[in-house]
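Colleague: Could you show me how to read burial, salt bridges and surface patches in a model?

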Amino acid sequence: MLLTEVFAMYYDYVYTDKHLAGLEEIGSLLAASEKFPLPLKGRVIFLTYWNLILQAVYFTICLLNDFIGTNEVAPKRMPLIRKLKDYMLAAFAFPVALNVGVTFWTLMAIDRELVFPKALDAVFPGWLNHVMHTNIVIFMVIEICTSFRQYPSRKAGLTGLGIFMASYLGWLHVVRHFGGIWVYPVLDVLNLPQRILFFAVSLGFCVALYLLGEFFNNLIWTKELKQLRAATAGGAMSQPMVLDEASTKLDTINIV
């Protein structure tokens, strides 16, 4: 998955970019990029690219965890890299990937000109479109089904997701202010109340996807989560016993 995401970004950045300048449909986006210089030739304006970078970072952390961390259900000491891996999937990787995939294909079904104009088919291969908007969903579902993790507290997880999505919504308005365009054509056809509703529904949808991921994780890994809770409870109970033993030894020394 890591190699797939990196290759997709590389191909789009190097090969697709050569043909984009001639497309009238995205001329305004390119012009806005010239007015307001952006990294990755302006691609950072899209949530799809934020998600690709996020997925690449997440699976890099997964790889590092395989070498220097642990995949045990209840390790005696949870490595920081494992805690980061668990949190990233819960708060970012799973809900953002599903949000990008489901939202993109839903808008494509309604009116593709609102999100991915037909003219792009000439320079944007179908396989690349599926890597960016379909594979991300498939691999996230596979990941949550095959790799155990402990979800963070709901407050911690939703706070991280909320900050991420609020940052992107703020970024949309920064691009609008300095570049003079909305990143997605669908925002051009909505008036202010409709845009507010659209953003509110998008944020609510992300929260629903977070809760969906938490539900499926608890459903799939019920046995392992019980094992983890038992180990945690056992560790907590052993601490008073150790303190009692130490206190008894001190009392014995005092008596002697």
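**Reading exposure and salt bridges**

Modeller: In general, under 20% is buried, over 50% is exposed, and partly exposed lies in between (1.4 Å probe, protein chains only). This is a predicted model, in which local features need pLDDT of at least 70 and side-chain atom pairs count only at pLDDT 80 or more, while totals for chains, interfaces and linings use all residues. Residues are numbered from 1 along each chain as its sequence is written, and side-chain values use heavy atoms, without hydrogens and water.

Colleague: Which residue forms a salt bridge with Arg154?

Modeller: A salt bridge puts a side-chain nitrogen of Lys or Arg within 4 Å of a carboxyl oxygen of Asp or Glu. Here the partner of Arg154 is Glu214, with the closest N and O atoms 2.5 Å apart. This pair links distant parts of the chain, since Arg154 sits in helix α7 (residues 154-179) and Glu214 in helix α9, 60 residues apart. A helix here is a DSSP run (H or I, at least four residues), numbered from the N terminus. Between the C-alpha atoms of Glu214 and Arg154 the separation is 8.8 Å.

Colleague: Is Glu214 buried or exposed?

Modeller: Glu214 counts as buried, because its relative accessibility is 10%.

Colleague: How many salt bridges does the structure hold?

Modeller: The structure holds four. One of them joins Asp86 to Arg82, whose closest N and O atoms are 3.1 Å apart. These two residues are four apart in helix α4, so about one helical turn separates them. Asp86 counts as buried because its relative accessibility is 5%, and Arg82 counts as buried at 1%.

Colleague: Which residue does Asp121 meet in a salt bridge?

Modeller: The side chain of Asp121 meets that of Arg112, at 2.9 Å from N to O. Asp121 has 38% relative accessibility, so Asp121 counts as partly exposed.

Colleague: And how do I read a surface patch?

Modeller: Patch residues have over 30% relative accessible area and no salt bridge; nonpolar side chains (Val, Leu, Ile, Met, Phe, Trp, Tyr) are joined within 5 Å, like charges within 9 Å. Areas come from the Shrake-Rupley method with a 1.4 Å probe; for residues, only the protein chains shown count as cover. In this model, Leu212, Phe215, Phe216, Leu219 and Ile220 make a nonpolar patch of about 440 Å². Take Leu219, which lies in helix α9: Leu219 counts as exposed because its relative accessibility is 52%.
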